[in-house]
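Welcome, and thanks for taking a look at this one. Please have the viewer open as you read the points below.

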Amino acid sequence: MNIKTTKATAPKVKPADESKLGFGQKFSDHMFMLDYDEGQGWHDARIVPYGPLSLDPASPVLHYAQEIFEGLKAYRSQNNDILLFRPDENAKRLNNSAARMCMPEIDVAFNVEALRAITNMERDWVPASEGTTMYLRPTMIADGAGLGVHAAHKYIYYIICSPSGAYYKNGLAPIRIYVEDKYVRAVNGGTGYAKTGGNYAASLKAAGEAEKKGYEQVLWLDGVSREYVEEVGSMNMMYIVNDTLLTAALEGNILSGITRMSILTLAKDMGIKVEERKISITELLEADAGGKLQEAFGTGTAAVVSPVGELTYKDKTIKVNNGQIGPITQKFYDTLTGIQYGKLPDKYNWMVKV
Ligand code: COI
């Protein structure tokens, strides 16, 4: 499929102070777009000036939330190359989400080409300061008009680009997490593993209540026994217990994080023992009481590797590693970002040059 390009006639002024970018606040000049009609398939790939979408008020996405998205980053290396991190994994995961949400899949190779094309078009928007990136948000929404509850017949896929700084306003400073015991995010057979907007909408109430108590995020427990730790919503969670890396297994309730899978690869290569399995909150509390919970951190595209300094469950608060970033977390952060910014050799071939 050819990608037709229409250039913006009035390019925006790029943010002068990269230290004030924030996350997902500013958007570049162009976006990629693709339309789908039942019987015709995907068509009309194009790069157009960034701007509002026109949707029918009866569009199914607005009523029944048939929507999926992805997140990945473009990095500027020291020698000014623009690099994408594992875009094929995002394209594959988008298709997994699409299958769950009854939406059409997109050819993985074509989607990677689209990601490269919009990144290339917006390469001047990729910031250069340490810790900054251009965050890409591929999004698919149901289009058309109709209030019957069934899968739509038309879809729009678009990719927008946002020059961004760290997801958490305090960067690599350890965050405080509230273990949520009232609300649930996912249940077996639900949409927990799909990257769909509804999962995030459903998390807002708990996140808002936790924020009022001074926590950055909530850690979700399984929806049935409220005993097993799942994910944080914006990141997967990892724990270093007795020198072993523990993380929740992919059993349908949590997102299959691309940073998660990359950290597991790095851990195995570093000779760290890895266990992907069910982890109960009781096990973590007991590990802490026995002095065996060494570190905790989250992993995600936006969050990268984020140390967790405190976990509160009911009336019990655990201070992890005295509220400081631990040596293993730091090593993962340095190694992963070293590869992503082209400072360390990319022996896994994760980076795609644009
Ligand atoms: C990401 O890490 O890319 C995410 O999508 C998480 C969050 C910003 C919604």
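At 48% relative accessibility, Asn 242 counts as partly exposed. This residue sits in the loop between β11 and β12 (244–248), and its phi is positive, near 55 degrees, although Asn 242 is not a glycine. Keep in mind as you go that the model is a predicted one.

**Backbone angles**

- As background, most residues other than glycine have a negative phi.
- Asp 44 is another non-glycine residue with a positive phi, about 60 degrees, and it belongs to strand β3 (residues 41–49).
- With a relative accessibility of 48%, Asp 44 is classed as partly exposed.
- A positive phi, near 70 degrees, is also found at Gly 291, which follows helix α7.

- The chain splits into domain 1, covering 4–164, and domain 2, covering 175–340.
- Between the C-alpha centres of domain 1 and domain 2 the distance is 27 Å, and the contact draws on 21 residues from domain 1 and 20 residues from domain 2.
- How much area do domain 1 and domain 2 bury between them? The figure is about 1,800 Å², with 60% of it on carbon and sulfur atoms.
- Zero salt bridges are counted between domain 1 and domain 2, whereas 12 residue pairs are in polar contact across their interface, with both residues at pLDDT 80 or more.
- On the side of domain 1 that touches domain 2, at least two residues each come from β4 (67–69), β5 (72–76), β6 (82–85) and α2 (87–100).
- Helix α2 gives the largest share of that side of domain 1, namely six residues.

**Helix α7 and its surroundings**

- Helix α7 spans residues 281–289, and its residues Ile 281, Leu 284, Leu 285 and Ala 287 are buried.
- Viewed down the axis of α7, these buried residues fall within an arc of 160 degrees, so they line one face of the helix.
- Which exposed residues does the face of α7 turned away from its buried side carry? They are Glu 286 and Ala 289.
- The cover over the buried residues of α7 includes strands β9 (175–180), β11 (236–241), β14 (293–300), β15 (304–313) and β16 (316–319).

**Buried polar residues in loops**

- Asn 253, in the loop between β12 and α6 (258–269), has a relative accessible area of 8% and is therefore buried, the cut-off being under 20%.
- The side chains of Asn 253 and Glu 230 are joined by a polar contact of 2.9 Å.
- Setting aside neighbours within four places in sequence, Asn 253 is in contact with Arg 185, Ala 186, Val 187, Asn 188, Gly 192, Tyr 193 and Glu 230.
- Ser 77 is located in the loop between β5 and β6, and at 6% relative accessibility it counts as buried.
- Apart from residues up to four places away in sequence, Ser 77 touches Leu 83 and Tyr 341.

**Salt bridges**

- In general, side chains of opposite charge can pair when their charged atoms come close.
- How many salt bridges are there by the rule used here? The count comes to 19.
- Glu 70 and Arg 93 meet through their side chains in a salt bridge of 2.7 Å, N to O.
- This pair links distant parts of the chain, 23 residues apart: Glu 70 is in the loop between β4 and β5, and Arg 93 is in helix α2.
- Both Glu 70 and Arg 93 are buried.
- Asp 17 and Lys 20 form a salt bridge whose closest N and O atoms are 3.0 Å apart.
- Of these two, Asp 17 is partly exposed at 35% relative accessibility, while Lys 20 is exposed, with a relative accessible area of 64%.
- Lys 319 and Glu 310 also meet in a side-chain salt bridge, at 3.0 Å from N to O.
- Is Glu 310 buried or exposed? Glu 310 is buried, with a relative accessible area of 10%, whereas Lys 319 is partly exposed at 48% relative accessibility.

Technical notes: Residues numbered from 1 in each chain as written. Heavy atoms only, no water. Buried < 20%, exposed > 50% of the residue type's maximum accessible area, 1.4 Å probe, protein only. Helix = DSSP H or I, 4+ residues; strand = E, 2+ residues; numbered from the N terminus. Arc of directions from axis to C-beta. Contact = heavy atoms within 4.5 Å. Domains from an automatic or database assignment. Buried area = accessible area lost by both parts, 1.4 Å probe. Salt bridge = Lys/Arg side-chain N within 4 Å of Asp/Glu carboxyl O. Polar contact = N/O pair within 3.5 Å; in protein donor to acceptor, adjacent residues only side chain to side chain.
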